[in-house]
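Colleague: I would like to learn how to read features off a model. Please take them one by one, general idea first.

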Amino acid sequence: MFSLWRKARRENSAASRLLGSTSLRFALHAWQRRLYDEPPKRKKGQRGRPRKYGRKYTPKRIAHLKHSMVTLPLYGKEQEVRYRSKVLMAHFLGGRLVRVVWCELSGTM
């Protein structure tokens, strides 16, 4: 399991160096797909180590995101696509900020 995480991280860093902004999808285990908000800003005089990640994104929080509808030519015909997107921190990428997009085709809504 750990070797898959290392492989995904290595592939992502190589692809990001070559392509700059990339769209990558990995087959990862559930514990590797954790997404977080950015950590809250430190208050002046706050003690202790600063937080590395913010609040965890759960399916319930994802369901409350605003969705958008768009009609796209997919699979040879016009299809309605509903999507939600948010910039989050990906745990499996070492806390790098990424835009995450959740899509649903009209037949699966």
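Colleague: Is Q79 buried or exposed, and what is its relative accessible area?

Modeller: Buried means under 20% relative accessible area, exposed means over 50%, and partly exposed lies in between (1.4 Å probe, protein chains only). Q79 has a relative accessible area of 11%, so Q79 is buried. This is a predicted model: local features need pLDDT of at least 70, side-chain atom pairs count only at pLDDT 80 or more, and totals for chains, interfaces and linings use all residues. Residues are numbered from 1 along each chain as its sequence is written, and side-chain values use heavy atoms, with hydrogens and water left out.

Colleague: Where does Q79 lie, and which residues does Q79 touch?

Modeller: Helices (H or I, at least four residues) and strands (E, at least two) are DSSP runs, numbered from the N terminus. Q79 lies in strand 3. Contact means heavy atoms within 4.5 Å. Leaving out residues up to four places away in sequence, Q79 touches V70, T71, L72, L74 and L105.

Colleague: What about L72: where is its place, and which residues does L72 touch?

Modeller: L72 is in strand 2. L72 touches K77, E78, Q79 and V81, again without residues up to four places away in sequence. At 34% relative accessibility, L72 counts as partly exposed. L72 and L105 are 33 residues apart along the chain, and their C-alpha atoms are separated by 10.0 Å.

Colleague: How many helices and strands does the protein chain have?

Modeller: The protein chain has two helices and four strands. Along the sequence, the pattern is α-β-α-β-β-β. Buried residues make up 23% of the 109 residues. Of the contacts between residues at least 6 apart in sequence, 37% join residues at least 24 apart.

Colleague: How many salt bridges does the structure hold?

Modeller: Side chains of opposite charge can pair when their charged atoms come close. The cut-off: a salt bridge is a side-chain nitrogen of Lys or Arg within 4 Å of a carboxyl oxygen of Asp or Glu. The structure holds two salt bridges. One joins D37 and R61, with the closest N and O atoms 2.7 Å apart. D37 lies in the loop between strand 1 and helix 2 and R61 in helix 2, so the pair ties together parts that are 24 residues apart in sequence. D37 is buried, and so is R61.

Colleague: And which side chains meet in a salt bridge at 2.8 Å, N to O?

Modeller: Those of E104 and R82. E104 lies in strand 4 and R82 in strand 3, so this pair ties together parts that are 22 residues apart in sequence. E104 counts as partly exposed, at 24% relative accessibility.

Colleague: Back to D37. What is its relative accessible area, and which residues does D37 touch?

Modeller: D37 has a relative accessible area of 16%. Not counting residues up to four places away in sequence, D37 touches Y53, G54, R55, Y57, R61, K86, L88 and M89.

Colleague: Where does the charged end of R61 sit?

Modeller: A charge sits over a ring if NZ of Lys or CZ of Arg is within 6 Å of the ring centre and within 35 degrees of the ring normal. The charged end of R61 sits over the ring of Y57, 4.1 Å from its centre.

Colleague: How many aromatic pairs does the structure hold?

Modeller: A pair of aromatic rings is described by the distance of the centres and the angle of the planes. Rings of Phe, Tyr and Trp (its six-membered ring) pair if their centres lie within 6.5 Å; planes under 30 degrees apart count as stacked, over 60 as edge-to-face and the rest as tilted. The structure holds one aromatic pair. The ring centres of Y36 and Y53 are 4.9 Å apart and the planes stand at 35°, so the pair is tilted. Y36 is in strand 1 (residues 35-36) and Y53 in the loop between strand 1 and helix 2 (59-63); the pair links distant parts of the chain, 17 residues apart. Both Y36 and Y53 are buried.

Colleague: What is phi of Y75?

Modeller: Most residues other than glycine have a negative phi. Phi of Y75 is near 55°, a positive value in a residue other than glycine. Y75 is in the loop between strand 2 (68-74) and strand 3. Y75 counts as exposed, at 71% relative accessibility.
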